[in-house]
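Here is a brief report on ring contacts and strand pairing. Keep the sequence and the model in view.

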Amino acid sequence: MKRIAFILCLILVFTVSAQNPKIAELDSLFDHYQRNDAFFGNVLLKKDGEILYERSVGYQNLENNKKNTLNSLFLIGSITKTYTATLILQLAEENKLNLTDKLARYYPEIPNADKIDIEMLLRHRSGLFNYTNEEGFIENVSQPISKESFLNKVKGYEIVFEPDAQYEYSNTNYMLLGYIIEDASGNSYKKQLEEEILGKLGLKNTYLGRPLDKTHFAKSYLRKGDKWEPTVPEWNTDWAWSAGALAATLEDLAVFYESLFSGKLIAQESLEKMLDIKEGYGYGITSFPFNDKKFYGHSGGIESYRSTVGYNKEDGVLLVQFVNATNYFNPNDISIQLLNGVYGKPLDFPDFSRRPVEVDGVVLKGYEGVYDNPEFPLDIKVYIKDNELYGQATGQGAFPLTPYSNTEFEFKPAGIKMSFYKKDGKQLFLFKQGNIKFDFIRK
């Protein structure tokens, strides 16, 4: 009974009406965001290829007083993984590789390479340590890194779990997939991307890394006190590469997703494999609910950029959202409001009097783990993804946790509050949702 109550609490926040769309009211909402200096970014809604709504907010380059436009380019972070998975599936269709190929065929020196196959890399089930979680990672990220140096790092990591034993997000998997693409195709990753995706679709505003011409490129910013400052350090995108280094415009990303689902890039059989979600992840793609509707897509985070894409293959609704600076709240809230507009649910104008805070990555790292309570039927896993803290109950979708202090976190759409504390040397959190209240202890 408690399990049912928990699931209903998560689902009720997504109840919508497919009638009386409130698209026209979205401008008022984004005016509200802009008045409160809430974020810089671009948003796009499409249905069956037709634009429903698009809007730019804030600045592309604050120092030059240049505002974001619909032509602005943003780093899209881990959405890059969908492109990488697509290239892998194309090579599989051409019989240049098999998803059952072991990593040892390409990089035998990697731990457990004889047990890890390409599909496990695609699904984040390899057990390989996530290199972006390495202590001191951020201190080196502004410098270039070579393939040889990266592989040497991976060779030295201890395995996290045995291959295919579980799902755990690791950027290491998609860096290795980029190298495999090069080995199997005989092309560089960049050239394979340009020939097999960008060229085929006529996409002129998608780049691997920051474009050389910065005319339309949006810088990322952090809020420091009462002003915005450029994000430091600025990543050398060698460190993200096939796991998260692409830059694109709203429309280019929209066309890529529409083309992926319409069969222009991979066969239907390959698409079905990609969308076969296990433990929350498919091949370079995940899913999220909105009432009885399912969206397939991905999120991304690099520096202060936050990106989201979601496509509903049943009704053709597509959401794309890029953010290059955030101030008061989690960008996930923007996605929810955009979908409220599409499906006719009343829009929620956020109260900006209570503001989220920035929490050091070391503090967030200290909260990772699997927690349980003997009276609660589900475990809750807490982990870092794209520099943000997430929670995920057994068999449920993951949810981002917005920090309001170093210990207080919320997922407002579901009314979830999690307060972290220590007792007798053990890490716990107090979970609250409506009338539900439980203390969870880390296993």
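Two strands pair if DSSP finds at least two bridges between them. The model is predicted.

**Strand pairing.** Strand 14 (residues 369-372) and strand 15 pair in the antiparallel sense, over three bridges. Here valine 370 has lysine 381, in strand 15, as its bridge partner. On to strand 16 (residues 388-393): six bridges join it to strand 15, and the two run antiparallel. Valine 382 has glycine 391, in strand 16, as its bridge partner. Two residues lie between the strands of this hairpin of strand 15 and strand 16, and aspartate 386 takes a positive phi near 50 degrees.

**Burial.** Strand 15 (residues 380-385) is mostly covered, with six of its six residues buried. Both faces are covered. Ile380, Val382 and Ile384 are on one side; Lys381, Tyr383 and Lys385 are on the other.

| Charged end | Ring | Distance to ring centre |
|---|---|---|
| Arginine 223 | Tryptophan 228 | 4.9 Å |

**Aromatic pairs.** The count comes to 42 aromatic pairs. Phenylalanine 409 and phenylalanine 420 have ring centres 5.6 Å apart and planes at 85 degrees, so this pair is edge-to-face. Phenylalanine 409 lies in strand 19 (residues 408-411) and phenylalanine 420 in strand 20 (residues 416-423), so the pair ties together parts eleven residues apart in sequence. Phenylalanine 409 counts as buried at 1% relative accessibility. Phenylalanine 420 is buried too, with a relative accessible area of 4%.

One aromatic cluster is formed by Tyr107, Tyr131, Phe137, Phe150, Tyr179, Tyr189, Trp235, Trp239 and Trp241.

Methods. Residues numbered from 1 in each chain as written. Predicted model: local features only at pLDDT ≥ 70, side-chain atom pairs only at ≥ 80, totals over all residues. Heavy atoms only, no water. Phe/Tyr/Trp six-rings, centres within 6.5 Å; stacked < 30°, edge-to-face > 60°. Helix = DSSP H or I, 4+ residues; strand = E, 2+ residues; numbered from the N terminus. Buried < 20%, exposed > 50% of the residue type's maximum accessible area, 1.4 Å probe, protein only. Lys NZ or Arg CZ within 6 Å of the ring centre and 35° of its normal.
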